[in-house]
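Let's walk through this protein together, one piece at a time. Keep the picture at hand and look for each part as it comes up.

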Amino acid sequence: VIVARNGSAIGVLGVTDRPKADAARVVSELRAQGVSRVAMITGDHEAAARAIGSELGVDEVRSGQLPEDKVRAVENLRQAHGAIAMVGDGVNDAPALAAADVGIVMGAMGSDAALETADIALMTDELRKVPYIIRLSRATLANIRANVALSIGLKAVFVFLAVAGVATLWMAVLADTGASALVVANAVRLRRFT
């Protein structure tokens, strides 16, 4: 912002957004969870973006990015580092959210285009939910693997009993419904996940 008096410039003011209060902590939590690289892709001016990126401790800052530049940045980061999760909220982020392996939109303040494009919509604008959904996703995958192993294991035991001539119809019913009940009970444990 240029400050003028009587048509002559007398000063310049720099204006920048402040990062969310917990943003630096979220970056640290992501690293603790094994996220190897955190990049900030923004349309903001380079000096302001670098200052915020330095404050947050991100590995890379890409500033002055238009929507198509953000898509290219996501593709470049994927080639260099593997699977990419993109967190965004605006219309300018929608194409990059679609290009990422996992697009996460901040639901409370996200634009309609970003909400429509993202894979995950957070119902709040709290960044600290991002490490939580990563933990929850990993726990869900572990739960699915355990449930598949449990179900197949019970079926294998029943097949073995059937081949041995020991299995009865009631055992088959118990094996089937028992496996279903155990799988559901194990999955319900995720409701208490924190």
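Helix H6 lies across strands E5, E6 and E7, and runs at about 135 degrees to E7. Helices here are DSSP runs of H or I with at least four residues, strands are runs of E with at least two, and both are numbered from the N terminus. Angles run from 0 to 180 degrees between N-to-C directions, and axes are lines fitted to C-alpha atoms, for helices over the stretch in contact. Contact means heavy atoms within 4.5 Å. Keep in mind that this is a predicted model, in which local features need pLDDT of at least 70 and side-chain atom pairs count only at pLDDT 80 or more, while totals for chains, interfaces and linings use all residues. Residues are numbered from 1 along each chain as its sequence is written, and side-chain values use heavy atoms, leaving out hydrogens and water.

Now look at the strands under discussion. E5, E6 and E7 form an open sheet in the order E5-E6-E7, with parallel pairing; two strands pair if DSSP finds at least two bridges between them. At the edges are E5 (85–88) and E7 (120–122), each of which pairs on one side only. From one strand to the next, the twist averages 20 degrees. E5 is joined to E6 (residues 102–106) by four bridges, and Val87 stands opposite Ile104 in E6.

Which helix has an axis that comes within 9 Å of the axis of H6? That is helix H1 (residues 23–32), whose axis crosses that of H6 (residues 129–163) at roughly 20 degrees. H1 is therefore roughly parallel to H6, a label for angles under 35 degrees. On the H1 side, the contact is made by Val26, Glu29 and Leu30, and on the H6 side by Val130, Pro131, Ile134 and Arg135. These residues divide into five nonpolar, no polar and two charged.

Next, visit the start of the chain. Strand E1 (residues 2–5) runs antiparallel to strand E2 (residues 8–12), and four bridges join them. Ile2 has Val12 as its bridge partner in E2. Two residues lie between the strands of this hairpin, where Asn6 takes a positive phi near 55 degrees.

Finally, step back to the whole protein. Its secondary structure comes to seven helices and seven strands. The radius of gyration, taken over C-alpha atoms, is 25 Å, well over the 16 Å that the globule rule gives for 194 residues, so the protein is more spread out than a compact globule. That rule is 2.2 Å times the number of residues to the power 0.38. Along its principal axes, the C-alpha trace spans about 100 × 30 × 30 Å.

Notes:
Angles under 35 degrees count as roughly parallel, over 145 as roughly antiparallel, 65 to 115 as roughly perpendicular and the rest as oblique. Ala, Val, Leu, Ile, Met, Phe, Trp, Tyr, Cys and Pro count as nonpolar, Asp, Glu, Lys and Arg as charged, and the others, Gly among them, as polar.
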